[in-house]
Amino acid sequence: MSMADVSTHTAAEDARNDDILIYVNGDIVHRDEAKVSVYDSGFMLGDGIWEGLRLYDGKWAFLDEHMDRLFEAAKVVDMDLGMTRAQVTEALEATRKANNMHTDVHARLMFTRGKKKKPFQHPALSVHGPTLVIICEHSKASIARPIKLATVPHMRGLPMTQDPKLNSHSKLNCILACIAAEKAGADEALMLDVNGFINTTNACNFFIVRKGEVWTSTGDYCMNGITRQKVIDVCERIGLKVHQRNYSLVETYGADEAFLTGTFGSQTPVSHIDGRAIGDVHPGPVTQQIREAYYQLVKETH
């Protein structure tokens, strides 16, 4: 299957990324030399946690919130990162500086439980760890058209299965959802919750606009999105009514606007859901208003 021509993470081609330097366990090396063991827990079992961060004008947007989420995830999966928040931030900054990066940068910061002594599941077998890899890429969103979504049977599950609030390396459920959407001719999957209400997409949080008011899921089953929360905050700040509530495909198909939120794309407009057109201008006026207020918030937090 070929890679989709449009996705929520489509970025402009940048030749500088051919020679980026990547942080691997304290060393910063050329991307061709950046390697981890085939016995690494992340490669073998998806046993790891990660954060995506965005650099604007020399500053990592909402860094404190990302560090909060990372260290909470580490506690959930019982992983000793072996580093303080300050040390993780120093490693991130060292990677940025080694690449002489200043803005329009996306970072993927990944901790795994480390190298295992045998190729089996038990966490106690991860005796050499953790592993920390940081990838910083020149990355400017460049989506040629709005996103098309297809509803899929794959759900964001209950907390007692794989809690969707945990940013784990185990993403197969979301990948299968994305494949199903692509097979249906869409770019990304719209995933329901366990009760059949609208939840998120396979990679982003999801919002609609109806009669000038902004709707998103209750948050009970969705990703613990930092951009999602910032959008809710800016809606309240600029006087837009925002509802965190259960709503169905009926209300979604009848929306005036729809958009996705995530660290990479901020607010990405949606033009079609299951073949139904959503609005006729993308981004729509409310989405554009939110986008402008969001970037103002980014500037202020610098």
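The model is predicted, so please read every value below as computed from it.

**The chain as a whole**

The chain carries 8 helices and 17 strands. Its radius of gyration is 19 Å, close to the 19 Å that the globule rule gives for 302 residues, so the chain is as compact as a globular protein of that length. Along the principal axes, the C-alpha atoms fill a box of roughly 55 × 40 × 35 Å.

Of the 302 residues, 47% count as buried. If you look at contacts between residues at least 6 apart in sequence, 70% of them join residues at least 24 apart. The chain exposes about 14500 Å², and carbon and sulfur atoms supply 52% of that area. As for charge, there are 33 positive and 38 negative side chains, and the centres of the two sets lie 2 Å apart.

**Strands and their partners**

Strands of a sheet pair through backbone hydrogen bonds, either parallel or antiparallel. Both senses can be found here. An open sheet of 6 strands has the order 2-1-8-5-3-4, with antiparallel pairing. Its edge strands are strand 2 (27-30) and strand 4 (59-60), each of which pairs on one side only.

Elsewhere to look is strand 9 (residues 147-151), which pairs in the parallel sense with strand 16 (residues 266-273). Strand 9 also runs parallel to strand 10 (residues 188-192). The table sets out three of the pairings.

| Strand pair | Sense | Bridges |
|---|---|---|
| Strand 1 (residues 21-24) and strand 2 | antiparallel | 4 bridges |
| Strand 9 and strand 16 | parallel | 3 bridges |
| Strand 9 and strand 10 | parallel | 3 bridges |

Ile 22 stands opposite Val 29 in strand 2. Leu 149 has Ile 273 in strand 16 as its bridge partner, while Thr 151 has Leu 190 in strand 10.

**A closer look at Cys 235**

Cys 235 is found in helix 6 (residues 226-237). Is this cysteine buried or exposed? Its relative accessible area is 0%, and because buried means under 20%, Cys 235 counts as buried.

Leaving aside its neighbours within four places in sequence, Cys 235 is in contact with Val 214, Leu 240, Val 242 and Ile 290. Glu 213 gives another point of reference: Glu 213 and Cys 235 are 22 residues apart in sequence, and their C-alpha atoms are 9.3 Å apart in space.

Definitions and conventions: Residues are numbered from 1 along each chain as its sequence is written. This is a predicted model: local features need pLDDT of at least 70, side-chain atom pairs count only at pLDDT 80 or more; totals for chains, interfaces and linings use all residues. Side-chain values use heavy atoms; hydrogens and water are left out. Helices (H or I, at least four residues) and strands (E, at least two) are DSSP runs, numbered from the N terminus. The radius of gyration is taken over C-alpha atoms; the globule rule is 2.2 Å times the number of residues to the power 0.38. Buried means under 20% relative accessible area, exposed over 50%, partly exposed in between (1.4 Å probe, protein chains only). Contact means heavy atoms within 4.5 Å. Accessible areas come from the Shrake-Rupley method with a 1.4 Å probe; for residues, only the protein chains shown count as cover. Lys and Arg count as positive and Asp and Glu as negative; His and the chain ends are not counted. The place of a charge is taken as NZ of Lys, CZ of Arg, CG of Asp or CD of Glu. Two strands pair if DSSP finds at least two bridges between them.
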